[in-house]
Amino acid sequence: MMEIKNLTGILPEIIFNELLVILQKRNLTKFQLAHLLSQCHHESVGWKTFEENLNYSAQSLLRVFKKRVVTLEKAEEIVSKGQKAIGDFVYGNRMGNDANEGWLYRGRGSIQLTGKNNYKLFDTTVLENIIENPSLVKDKYKLTSAFWFFDSNKIWLLCNGDKVEDVKRVTLAVNGGTIGLTGRVDLFKKYCKILN
């Protein structure tokens, strides 16, 4: 049986309390919970960042969003206009966003829920209006939004093993790549040990 109480003091109190509420309605295996917590821990930079930071240099913007920003000159132009312009450019006209909604529906929550399509779908699972109040994802539903993301993308099906390849598959489903894989593996092992 998982020792949820062992997470006291490991998770921030607000995250731990949200987890307790969720687990009253959900049954997870130790590996499933360890996968979720390790991915959320990594994505939120150690449970500290629940809103995407779009404060990029031109070089970083070009590197991170190379499919959207194809020249250094374009990156410099966008960066000079500030974070809202960056968000609107890299997320505008995709993921259900209009051209000027990329900043509004940027990544939030412990899993960095991104795009109006995801916000609309998540909105159907909570009482408040997430579309009108997207900040609720970072303020009230930090972990609930991650559970929703794992549910809607069937990521739980990938969460039943404890090998590096299992963490890699989950990371690909969460992040679209393997950024920070070594750290995610270490966090997964840490959470498995804590939950014993």
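I began with the second largest pocket, which holds about 310 Å³ of space (a volume is the space filled by probe spheres set on grid points joined across faces, edges and corners). For a pocket I used an open set of points on a 1 Å grid over the protein atoms alone, where a 1.4 Å probe fits, with protein on both sides within 12 Å along at least five of seven lines; lining residues have an atom within 4 Å of a point. Of its 13 lining residues, Ile22, Lys25, Thr125, Val126 and Thr144 are closest to the centre. H8 gives the most to this lining, 4 residues.

A note on my source: this is a predicted model, with pLDDT of at least 70 needed for local features and 80 or more for side-chain atom pairs, while totals for chains, interfaces and linings use all residues. Residues are numbered from 1 along each chain as its sequence is written, and side-chain values use heavy atoms, leaving out hydrogens and water.

Next I looked up the largest pocket, with a volume of about 1200 Å³. Among its 29 lining residues, Glu52, Val64, Tyr91, Asn175 and Ile179 lie closest to the centre.

Then I turned to helices H2 (residues 30-43) and H8 (residues 144-152), whose axes come within 11 Å and cross at roughly 120 degrees. Helices here are DSSP runs (H or I, at least four residues), numbered from the N terminus; axes are lines fitted to C-alpha atoms over the stretch in contact, with angles from 0 to 180 degrees between N-to-C directions. I found Leu36, Gln39 and Cys40 of H2 meeting Ala146, Phe147 and Phe150 of H8 (contact means heavy atoms within 4.5 Å).

Notes:
Helices (H or I, at least four residues) and strands (E, at least two) are DSSP runs, numbered from the N terminus.
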